[in-house]
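Look at the sequence and the 3D structure below. The report then goes through a few of the structure's features.

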Amino acid sequence: MDPMISLGQKNTLAEYMILSSADNRPAMLDKDLYDSWKSRIELYMQNREHGRMILESVENGPLIWPTIEENGVIRTKKYAELSAAEKIKADYDMKATNIILQGLPADIYSLVNHHRVAKDL
């Protein structure tokens with residue numbers, strides 16, 4: 001908690017919002033300050049449980065889902081058919097995408113919400 005803002009004093013609504021959301025929501029993108037937002041969102045990701053895996057999903061791209069041949073037809077494996085390691089990677093890919101989408105203002109979100117891969121975002 002910021003030592004400049006104590007809960008014992010009369011605080012503005014903005015100060016309470018800063019206190020309550022400092023750790024549970026990613027920074028919102030300001031279009032003019034992309035580099036700053038990128039650094040903050042990376043720090044936010046690293047601060048999550050297994051944050052390194054989440055950040056690696058953004059940097060290296062998502063799991064390439066394996067395929068199997070069934071009755072002469074090749075198809076992508078279903079989630080339930082993935083190995084334990086592949087399931088973990090798929091889960092962190094989704095977390096990375098969600099974190100980025102939560103940090104976008106509505107006008108930008110509406111342009112990119114069809115992307116399902118954090119690296120593409």
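This is a predicted model: local features need pLDDT of at least 70, side-chain atom pairs count only at pLDDT 80 or more; totals for chains, interfaces and linings use all residues.

Residues are numbered from 1 along each chain as its sequence is written, and side-chain values use heavy atoms, without hydrogens and water.

In soluble globular proteins, nonpolar side chains tend to be buried together. A nonpolar core here is a set of buried Ala, Val, Leu, Ile, Met, Phe, Trp, Tyr and Cys residues joined through side-chain atoms within 4.5 Å; buried means under 20% relative accessible area with a 1.4 Å probe, protein chains only. The largest such core has 16 residues, and Trp-37, Met-45, Ile-54, Ile-99 and Leu-104 have the most contacts inside it. Its largest share, 5 residues, comes from H4.

Helices are DSSP runs (H or I, at least four residues), numbered from the N terminus. In H3, the buried residues are Gly-51, Ile-54, Leu-55 and Ser-57. They lie on the same side of H3, because they cover an arc of only 150 degrees around the axis, taken from the directions from the helix axis to the C-beta atoms. These residues pack against H2 and H4. Contact means heavy atoms within 4.5 Å. Beyond its neighbours within four places in sequence, Ile-54 has contacts that include Met-45, Tyr-92 and Ile-99.

| H2 | 34-46 |
| H3 | 51-60 |
| H4 | 84-102 |

Key. Helices (H or I, at least four residues) and strands (E, at least two) are DSSP runs, numbered from the N terminus. Buried means under 20% relative accessible area, exposed over 50%, partly exposed in between (1.4 Å probe, protein chains only).
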